[in-house]
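Student: I would like to walk through this model with you, one part at a time. Could you take my questions as they come?

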Amino acid sequence: MKQLKQIALLVLALGSVVQAGAVQAADVHRSAEDPNLVWTASQVVLKSKEMGPGVFMVYPDDAEGKNKAGIPVATSGGFIIGDDGVLVIDSMLNRRLATQLIGLIRAKTDKPIRYIVNTSYHGDHSYGNQFFPREVAIIQHEATQSYIQSHFADDVKFMSTYFGKNQGLDELRPRRANLLLSDGGRLQIDLGRQKVEVMHLGFAQTKGDLFVWAPQQKVMFTGNPVIAMPPALPWLLDGHMVESTATLKKLRTLLPENAKIVPGHGVPTDVSTLDFNLRYLDTLREQVQAAIDRNLSEKDTAATVQMDEFKGYKLFPWVHSQMNVVKAYQELKGQAK
Ligand SMILES: [Zn+2]
């Protein structure tokens, strides 16, 4: 379970596998060995796009073509500028990417950066915190903070062991959050004629995912609970399919039809992406439950629940068959760890 999570983080965070070695999830490495299916932190180039007055998203410059083809790309985030300062959504993986992000902010404003929201504990969304000035207030869910405080060294060590020393991970240190949200917590921030809402809606991809909403521009930053436009699928890394589905439904009801969505790993999208994710999750639950009702084993369920209409995602064999179906099976059987 922990290994699966770490390996998945690696795929998200680093991509380029230099040593297959004796690794637990051979399937991940099979897909990761194809350089077209993963991203390499040292090559990512970030760009920004204005989603509405003062609201910018930041995303990798190869995302347009790759998202459409179902190929994973590096992390997306953004920043929101008000009269009094700037709020950043996700700080990226390492110094190189955090510096690019700060450069994109500085290209638009010289106002002080006041806040960073980390949408989850995943390194590609939070490791960059330390490269921002000390006075920047870091906002996390309390589960994100406690995960980072107890797993940081292990996560970084694992990454360095498998990915070498050239991804800027050696210098990473955890940085304590300044503002913690608890379950169901909401925070309204006025940046000066620019309102931002930070909210926890329940278990999404992790226990502590935060969503960031710019109400005036109708832009929702989701982090990883929405990975990218179709055909990308949700990654149930930490399980909790039922709760995760409920959280995404809650998110959907909050959003006006013309809302713009900034996903965790891709170009801007809209509520149709959320609908696609929900269709996938509902179908997954139905089909896995049907397999359980037929007394199929976990292995047979993974082989049976094919869901061909979602196969366009290049990571489908791993994300769907080897992770999501297995997590759903264990949860619905009451075996979830
Ligand atoms: Zn991510």
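**A tour in questions and answers**

Tutor: Let's start with helix H4 (residues 95–106), which has twelve residues and reaches 16 Å from its first C-alpha to its last, close to the 16 Å expected at 1.5 Å a residue. The expected span is 1.5 Å times one less than the number of residues, and helices (H or I, at least four residues) and strands (E, at least two) are DSSP runs numbered from the N terminus. A word on the source: this is a predicted model, where local features need pLDDT of at least 70 and side-chain atom pairs count only at pLDDT 80 or more, while totals for chains, interfaces and linings use all residues. Residues are numbered from 1 along each chain as its sequence is written, and side-chain values use heavy atoms, with hydrogens and water left out.

Student: What span should helix H7 have?

Tutor: Helix H7 covers residues 241–254, which makes 14 residues. Its end C-alpha atoms are 20 Å apart, which agrees with the span it should have at 1.5 Å a residue, 20 Å.

Student: Within what arc do the buried residues of H7 fall?

Tutor: The buried residues of H7 are Met-241, Ser-244, Thr-245, Thr-247, Leu-248, Leu-251 and Arg-252. Seen down the axis of H7, they line one face of the helix, because they fall within an arc of 160 degrees.

Student: Which backbone oxygen does the side chain of Ser-244 reach?

Tutor: Ser-244 is found in helix H7, and at 4% relative accessibility it counts as buried. Leaving out residues up to four places away in sequence, Ser-244 touches Phe-203, Ala-204 and Leu-236. At 2.9 Å, its side chain reaches the backbone oxygen of Ala-204.

Student: Which residues coordinate the zinc ion?

Tutor: Donors are N, O and S atoms within 2.8 Å of the metal (3.2 Å for Na, K and Ca); water is not among the atoms, so sites may look incomplete. The donors follow the spacing D-H-x98-N-x40-H along the chain. At 2.0 to 2.8 Å, the zinc ion is coordinated by Asp-124 (OD), His-125 (NE2), Asn-224 (OD1), Asn-224 (ND2) and His-265 (NE2).

Student: How many residues apart are Asp-124 and His-265?

Tutor: Asp-124 counts as buried at 0% relative accessibility, and His-265 counts as buried at 2%. Asp-124 is in helix H5, whereas His-265 is in the loop between strand S12 (260–263) and strand S13 (269–270). The pair links distant parts of the chain, 141 residues apart.

Student: Are the rings of Tyr-121 and Tyr-147 stacked, edge-to-face or tilted, and why?

Tutor: Rings of Phe, Tyr and Trp (its six-membered ring) pair if their centres lie within 6.5 Å; planes under 30 degrees apart count as stacked, over 60 as edge-to-face and the rest as tilted. By this rule there are six aromatic pairs. The centres of Tyr-121 and Tyr-147 are 3.7 Å apart with the planes at 25 degrees, so the pair is stacked.

Student: How far apart in sequence are the parts that this pair ties together?

Tutor: Both Tyr-121 and Tyr-147 are buried. Tyr-121 lies in the loop between strand S5 (113–117) and helix H5 (123–126), and Tyr-147 in helix H6 (residues 142–163), so the pair ties together parts that are 26 residues apart.

Student: What share of the residues of the protein chain count as buried?

Tutor: The protein chain has ten helices and 13 strands. Of its 337 residues, the share that count as buried is 61%.

Terms used:
Buried means under 20% relative accessible area, exposed over 50%, partly exposed in between (1.4 Å probe, protein chains only). The arc is that of the directions from the helix axis to the C-beta atoms. A polar contact is a pair of N or O atoms within 3.5 Å; within protein, one must be able to donate a hydrogen and the other to accept it, and residues adjacent in sequence count only if both atoms are side-chain atoms. Contact means heavy atoms within 4.5 Å.
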